[in-house]
Amino acid sequence: MRKLNNNQFSIGLIAVVLAMMAWTCPVAAQYLRSSYFIDGAQYRLQLNPAMAPSKGFLHLPAIGYVGASVRSNSLDIDDVVDIIKNSDDDDYFASDRFFNNLKDTNHALVNVGTDVLALGWWHGTKNFWTINMSLKVNGDLNVQRGLFSFMRDMRGMEEHDYSNYTRDLGPQELNVNAYSEIGLGYTRRFSDRFSAGVRVKGLLGVGNANLKVNRAVVNTRLQGIDPGIDWSTAGPSQLENVEGTASVEVDARLESSFKGLVFQTTPQGYIDELEFEGKDMGVSGVGAGIDIGVSARVVDGLSLSAALVDLGFIKWSKESTTVANANTSDLNFDSENLGDIIRFSDVVGTGEALNMDMMRLYIDQDGAKARTTKLAPTMVLGADYAFSSDKLSVGVLFTNYFAHIRNESELTLSLNYNPSNLVGLTASYSPIVSGGQSFGVALKLGPLFVGTDYMYLGKNTKCCNALFGLSIPLGARGN
């Protein structure tokens, strides 16, 4: 049994998914843009099913393809980890460096994936087939600067007049989706200049959760309080002379579909703990998906391509679904009620990015029902121009990732060297997501492939990924 307490709740939904998959992987990349223009690299099939490699392949578990990614518009990699962990050991939010890096709205995306088994082979000269079984986890997080302003306020980092204090924390959202796909792909080479591909996928849902905070506001009308009080350490002696009222108002909703995930509640009835029963793990939903793509050499040297991948849905069963709503009616505090101000101090001084004591999520016993969620598709547009007998090329790749909370676009520029079917090398630059502060490289050396779109440059890195794969080569395309 895996148990997650209140201080870990914000990572709980992600951690349970990773535990279910027995996944222990460093930060890498679910789709590697830098692989797209390397001839013979089968990993570009993930971005466009029309891009068949020159040889067949076999992927074995854990080594054929492993990957994940972490990306943010403002937060460093270490900051994202701290937020997800709800880490208050070092009060990361108290750092001026952290706070000054924040935007009004801050996003983070996490993707993890691996092939359990994948097989690709040529049938004749025009037909390339693939079958695969893969595991994927996608998560995105949206937090407002106002949340961290409030957390800093509660640490006494700035003085406030608590006789008339109001802090709007802004909307927050956390979304996690985990599933297994079983796919059948087909690429048809109509000529040396044009090919098209499609992959159809059956989806088995491991779990899905969405926590959405529409509104969170804290108000105080308190007298006799130190304007620089640290509410996390305030004791009875600091609070005994406080008079007045305070309130916390939250509008939030949690929808979760996980078999084997049990929500534990406090004596007051709100959620504060998760228990994962591995023996009860199972398929929580079923669905379907499709990838489609085309590739054409329009004139000598110039090739264009386009694809839409991961277009699909999963329908989650009523039996695996739990719905909870916030009810903060008991978070009104009055100094005339014995212990109310100490209780207020306990609620607001936790130092947690997603504070379950503040959200007061109560399970809706009648709210569970079957629900349907969409996958996060990716649109791909590519162009490359080859010269020097097709061994050297320059490429431009545009991708748009339609995540649950927001879209993420990226433009990748690359210089590609493909001296043979055994060797390929790419140097790339992606200016949008990384803010122009990162570059990538990819290398294909026989059956080995390694690469990154966003080179890890230390703890201040906002985007980091890599991909590793070791395949068993099969027969080449016939003549």
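Is Asp 310 buried or exposed? Asp 310 counts as buried, at 3% relative accessibility; the cut-offs are under 20% relative accessible area for buried, over 50% for exposed and partly exposed in between, using a 1.4 Å probe and protein chains only. Before going further, bear in mind that this is a predicted model, where local features need pLDDT of at least 70, side-chain atom pairs count only at pLDDT 80 or more, and totals for chains, interfaces and linings use all residues. Residues are numbered from 1 along each chain as its sequence is written, and side-chain values use heavy atoms, with hydrogens and water left out.

Back to Asp 310, which sits in strand β13 (residues 302-316); helices (H or I, at least four residues) and strands (E, at least two) are DSSP runs numbered from the N terminus. Its backbone is worth a look: phi of Asp 310 is near 60°, a positive value in a residue other than glycine. Most residues other than glycine have a negative phi. Arg 360 has a positive phi too, near 50°. Arg 360 lies in the loop between α7 (356-359) and β16 (361-363), and it is buried at 5% relative accessibility.

Another arginine to find is Arg 371, in strand β17 (residues 371-374). Arg 371 is buried, with a relative accessible area of 11%. Its side chain makes a polar contact (N or O atoms within 3.5 Å, one able to donate a hydrogen and the other to accept it; residues adjacent in sequence count only if both atoms are side-chain atoms) with the side chain of Ser 257, at 2.9 Å. Beyond four places in sequence, the residues in contact (heavy atoms within 4.5 Å) with Arg 371 include Glu 255, Lys 315 and Trp 316.

Now for the greasy part. A nonpolar core is a set of buried Ala, Val, Leu, Ile, Met, Phe, Trp, Tyr and Cys residues joined through side-chain atoms within 4.5 Å. The largest one has 59 residues, and Phe 148, Phe 150, Trp 231, Met 358, Met 359 and Leu 361 touch the most other members. Strand β8 (residues 194-223) gives this core its largest share, seven residues. Apart from it lies another core of nine residues, among them Leu 47, Met 51, Val 309 and Val 380. Trp 231, for its part, is in contact with residues including Met 154, Tyr 162 and Phe 344.
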